[in-house]
Amino acid sequence: MIAPIPFLVGAGPLPDGRMRSGCLLLASAWGGELSHHRCSENPHQVLGLLPPEGGMVRLSGDPAMLHPDGGSWLEALGAWRQPTILLVSPLPSGEIPGVAPAYVALCAALDVPLIGVLQLGGSWDLSLRRSDGLPWFGLLPDDPSALSAVPNGGCLQQGPSLEEVVVQLRRRLLLSFD
């Protein structure tokens, strides 16, 4: 079976540098090319020209914003049944902003095949991630050397390794499109 290409989208507009580095890190572990498109591009034109398999697509900008040609990128991802991985950047306090559950709900309302949610940077707090009910898969650290670091104290726990995250995302992707 040919697996569709997952789209990496932010819960709202995320800082470009943080989004780029997180997507590059994930794509290097995923394998294949990482292509890039902006929310200002016409989603139906871009989706119509995608290769049938391989790699990932980073989408920068706010995918829920209305496009000048009508609709939004999220609507198009749902209509074209493109698997989507939602990236969420924590607040400076470390808390996850309300846009995360809002975007998960919007994906559900628009029939976007949401594979899961990844945290971009910050500290991974497993107990808090479990308590919010979102389909979390792990953390993409700001500093790739932090992948081998074990957080100290409190309720902070080491998140899954990048390889574990990729295996789980691939499994979810394949199960979603069987």
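Which backbone nitrogen lies 3.0 Å from a polar atom of the side chain of His 67? In this predicted model, numbered from 1 along each chain as its sequence is written, local features need pLDDT of at least 70 and side-chain atom pairs count only at pLDDT 80 or more, while totals for chains, interfaces and linings use all residues. Side-chain values use heavy atoms, with hydrogens and water left out.

The nitrogen is that of Asp 69. The side chain of His 67 also has a polar atom 3.1 Å from the backbone oxygen of Glu 41. His 67 is buried, at a relative accessible area of 6% (buried means under 20%, with a 1.4 Å probe and protein chains only). The residue lies in the loop between β3 (56-60) and α3 (73-79); helices (H or I, at least four residues) and strands (E, at least two) are DSSP runs numbered from the N terminus.

Two aromatic pairs were found, where rings of Phe, Tyr and Trp (its six-membered ring) pair if their centres lie within 6.5 Å, and planes under 30 degrees apart count as stacked, over 60 as edge-to-face and the rest as tilted. Phe 7 and Trp 73 form a tilted pair, 6.0 Å centre to centre with 40° between the planes. Because Phe 7 lies in strand β1 (residues 7-10) and Trp 73 in helix α3, this pair ties together parts 66 residues apart in sequence. Both Phe 7 and Trp 73 are buried. The rings of Trp 124 and Trp 136 are edge-to-face, with centres 6.0 Å apart and planes at 80°. Trp 124 is buried at 6% relative accessibility, and Trp 136 is buried at 13%.

Methods. Buried < 20%, exposed > 50% of the residue type's maximum accessible area, 1.4 Å probe, protein only. Polar contact = N/O pair within 3.5 Å; in protein donor to acceptor, adjacent residues only side chain to side chain.
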